[in-house]
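Subject: Structure handover

Hello,

Please find the structure below, followed by my notes on what was found in it.

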Amino acid sequence: MANEADSGWTNLLHSSTKLLEQAAPSAQFPPLQRNLDQLEALSKKLKAKTLRSEAPSQSIAATRLLAREGINAEQLARDLKSFELKTTYEDVFPAEATTVEEYLQQIHEMAMLSAIQVAQKDNLRSFDDYMMKVLEDDWQKEKRDFLQSLSRISTLPRVNVGDSNVGGIRTGQIVSTASSPQVYGGPSGMETVPHTTKPVQEKKASAYAEVVKNLNSSRERALSFKPAAAFKAAYESLSLETSGGKSVSMQKIWNLLQMLVGEDSLILQNVSKRMSLVIGARQHLEKGHEKFIIETIQNHPAQAALGGSVGNLQRIHAFLRVRLRDYGILDFDAADARRQPPVDTTWQQIYFCLRTGYYDDARNVAQSSRVSHQFAPQLLEWITTGGMVSAKTATAASEECEKMLRMGDRGGRAAYDRKKLLLYAIVSGSRRQIDRLLRDLPNLFNTIEDFLWFQLCAVRDSPSGVSSSVLNEGLVPYTLDDLQMYLNKFEPSYYNKNGKDPLVYPYVLLLSIQLLPAVLYLFKETGDEGFNIDAVHIAITLADHGVLSESGGAGQKLGVMDACAEASDIIRQYGSAYLRVGNLLMALEYYSQAAAAVGGGQLSWTGRSSVDQQRQRSLMLKQLLTELLLCDGGIYLLLGSRGEGEEGELARFLSDATSRQQFLLEAARQCQEAGLYDKSIEIHKRVGAFAMALDTINKCLSEAIFALSRGRLDGDSRIAGLVHSGNEILEMYNYYPEISLQEREHVLEQQTVLKQLEAILSIHELARVGRYLDALREVAKLPFLPLDPRAPDITTDIFQNLSPHVQACIPDLLRAALNCLDNVTDTDGSLRALRTKIANFLANNLHRNWPRDLYEKVARSL
């Protein structure tokens, strides 16, 4: 084998030598001689160059990047054992498609399926999230309701009870007044505990209750009183306001209410109550914007450059310097207009003067500028008429709006030029222009206050008739109903930021004159803040000013009495909570406000409301007073220690003695129907209706005798008290002055009935203790029954002349007499004669439908 290898290499060397000899020498390529080791080294070097030239550009870029970061690419390659990744192209769809159309169809189907699957997953996730949120909300509501029911008593002022005088209140003594008819909460009905030791609800209830008492006292004496200002001052005294990042607080709502009802402004002539509410809401927003301007100037003193000027127009100029600081030199600051044309701020000045309530300054700016010279008379008319401009002025303003809207928002036009459009839209009051602005320029307003102010400025009072020419031109006025409908398109959570700012929604409702919906929304809030307590007193304020009838909302049109009845029911519910804890005096104060709410508010106290409202107030007041009268301690509260109410609280509401008597008689009748006989007797005694009181006592005594004959213990326990009450009434009757002749006859009749019942009662008592013979003697002596054995038989039916109360006791009396006869021995025949008398009496009264066992007992005894 070695010889063959050597011969092979020898032949190879010989062939190479021949080739070398045959090759002609070239001057360009001189011959080179290399041994095997050199050839191997050169071949490896050539191979390395070939590999580098085949490397992709990405690899070279990566090597340069690694080198720039100080990383040795060769060392890294050796550590990674030198491997290479290559991209392969492979279809993710089945290879069944043979044409482009089929391929695209497969792509479309797969995309649709993927989209459906993703949508299903999103829907399931959204549904689960929504259901979880609903469950959490329901749980939170149940939790709040449960905790509210537990702490309802503690959220109201508690009652103090003195020793014997209602004026002597002991601090810290908490006793129910239900057990004492002579104590009803004292003059204040509340503990003198510092506000800091009470929860928020009790603080509000205590502070507001004092205002309600003062309000009622002022209205009774026809004195001036501003409930919104008083409630606001009471709320501010509690120091409950905290920042908390909330834009609307209850103090802000009270400020709004004060402006709405016009307690701090002059009464506008020739303006409807509905429009006066709109103007009040607008003025509130203007006051808020004035504060905003002052804060802006204070936060940017250098840019505002207000200096020592304190005029309204100077404030507007300072505000515009801050607001338009990026626009260059403004016209009111330009020293030389020829050097650099200043920015014209005429429309800005007019708009912000109006927005801040500086109407005179807005008019002066409009009249002094050439730019707004045409607009000046229109603005003057709008200010003078309170927005109710003539059809000619409205048409001209609407046409100017049309012109500006057709021009559009051209490029390079300053954004604040839109103020001119807003001003003309306000003067026009056109629904078409307002709707178009909201549709085409959704980002026109920065805050909801600016938006509502613009809307309220554009609102027109719904006229009874508009000229046909105006209607033909499409100039339909923008009304308050349009504003309310637009605002109610959005859910409350949109305004409240999902509960983070809970008072924004009722604030918007009040600004849009949806008064009752705002009260109802707050009244349903049962959180720790006590907004439901605020709602009650907001309702009192609105009802007192008589503006609830102007309330409304999208989709609901409440009548005058409907809105007032809703507010009255809210006030009554709140007052009944005082009733449940025994504070009758505060319940009376709120009940009087509930009655005034349906009667027209402040006017109802002086009888200046309508006839229907006065009738509604009278009915409500009597109903609520009756409810108080039926409570423990109610008679003492309303009627005092004696008399018909001239010494009690009833005289505050029914000053006429005749009306008080009629009310008390009706209340006594209701007490009888409700089974409250003790109260009915007491009320009849107070009004001098002794016959009615005795009739009630006789009725109760007849029922007690029936219960006693059946062996019931309650009959025996009531009898002594009824007999004592009857005798007491007869004694009072003897000393009572001015008793009519007819009343005396009725009293004598009832006195006779009482004596007859007492006689029947004595017979039952004798029979019950086993004195049968004495009981039979008393039966024979009864003057109103023909049962005397020695007397002749009487054919006339004397039974029909008896009182129904006595007639009801006769069957049991006869049964007791027969039982006595069975237990006594007849020695002289008189008992047999008495038995015969009883049998004849029953025979003459077979039509009475008395118990069958009574007839059977007589038959057996004979």
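The count of salt bridges comes to 36, a salt bridge being a side-chain nitrogen of Lys or Arg within 4 Å of a carboxyl oxygen of Asp or Glu. This is a predicted model, in which local features need pLDDT of at least 70 and side-chain atom pairs count only at pLDDT 80 or more, while totals for chains, interfaces and linings use all residues. Residues are numbered from 1 along each chain as its sequence is written, and side-chain values use heavy atoms, with hydrogens and water left out.

Salt bridges

One of the salt bridges joins Lys 403 to Glu 400, at 3.6 Å from N to O. These two are three residues apart in helix α15 (residues 391–407), so about one helical turn separates them. Helices (H or I, at least four residues) and strands (E, at least two) are DSSP runs, numbered from the N terminus. Lys 403 is partly exposed at 41% relative accessibility, whereas Glu 400 is buried at 12%. For these terms, buried is under 20% relative accessible area, exposed is over 50%, and partly exposed is in between (1.4 Å probe, protein chains only).

Glu 402 pairs with Arg 432, with 3.5 Å between the closest N and O atoms. This pair links distant parts of the chain, since Glu 402 sits in helix α15 and Arg 432 in helix α17 (residues 431–440), 30 residues apart. Glu 402 is buried, with a relative accessible area of 17%; Arg 432 is partly exposed, at 41%.

In helix α25 (residues 560–580), Arg 572 and Asp 569 are three residues apart, about one turn of the helix. The side chains of Arg 572 and Asp 569 meet at 3.1 Å, N to O. Both are partly exposed: Arg 572 has a relative accessible area of 24% and Asp 569 one of 31%.

Overall make-up

The protein has 40 helices and zero strands. Of its 862 residues, 41% are buried. Its accessible surface comes to about 47,900 Å², and 53% of that belongs to carbon and sulfur atoms; areas come from the Shrake-Rupley method with a 1.4 Å probe, and for residues only the protein chains shown count as cover. Among contacts (heavy atoms within 4.5 Å) with a separation of 6 or more, 62% are between residues 24 or more positions apart. A search of the whole structure for disulfides finds zero, a disulfide being a pair of cysteine sulfur atoms within 2.5 Å.

Cores

A nonpolar core is a set of buried Ala, Val, Leu, Ile, Met, Phe, Trp, Tyr and Cys residues joined through side-chain atoms within 4.5 Å. The largest has 148 residues, and Ile 350 and Tyr 590 touch the most other members. Helix α26 (residues 584–598) gives the most to this core, 11 residues. Beyond its neighbours within four places in sequence, Tyr 590 has contacts that include Tyr 208, Val 212, His 537, Ile 571 and Tyr 578. There is also a second, separate core of 56 residues, which includes Ala 691, Leu 708, Val 747 and Val 806.

Covered helices

Which residues of α12 are buried? In helix α12 (residues 346–355), 10 of 10 residues are buried, among them Trp 347, Ile 350, Phe 352 and Arg 355. They pack against α9, α11 (312–323), α13 (359–368), α14 (376–384), α16 (418–428) and α18 (448–458). Just after α12, Gly 357 has a positive phi of about 90 degrees.

Helix α8 (residues 250–260) is largely enclosed by the rest of the structure, because eight of its 11 residues are buried. Trp 254 and Gln 258 are among these. Their cover includes α6 (200–220), α7 (227–237), α9, α22 (504–511), α23 (515–523) and α24 (531–544). Gly 262, which follows α8, has a positive phi near 70 degrees.

A loop glycine

Gly 648 lies in the loop between α29 (634–639) and α30 (650–653) and counts as buried, at 17% relative accessibility. Gly 648 and Leu 638 are 10 residues apart in sequence and 4.7 Å apart in space, C-alpha to C-alpha.

Regards
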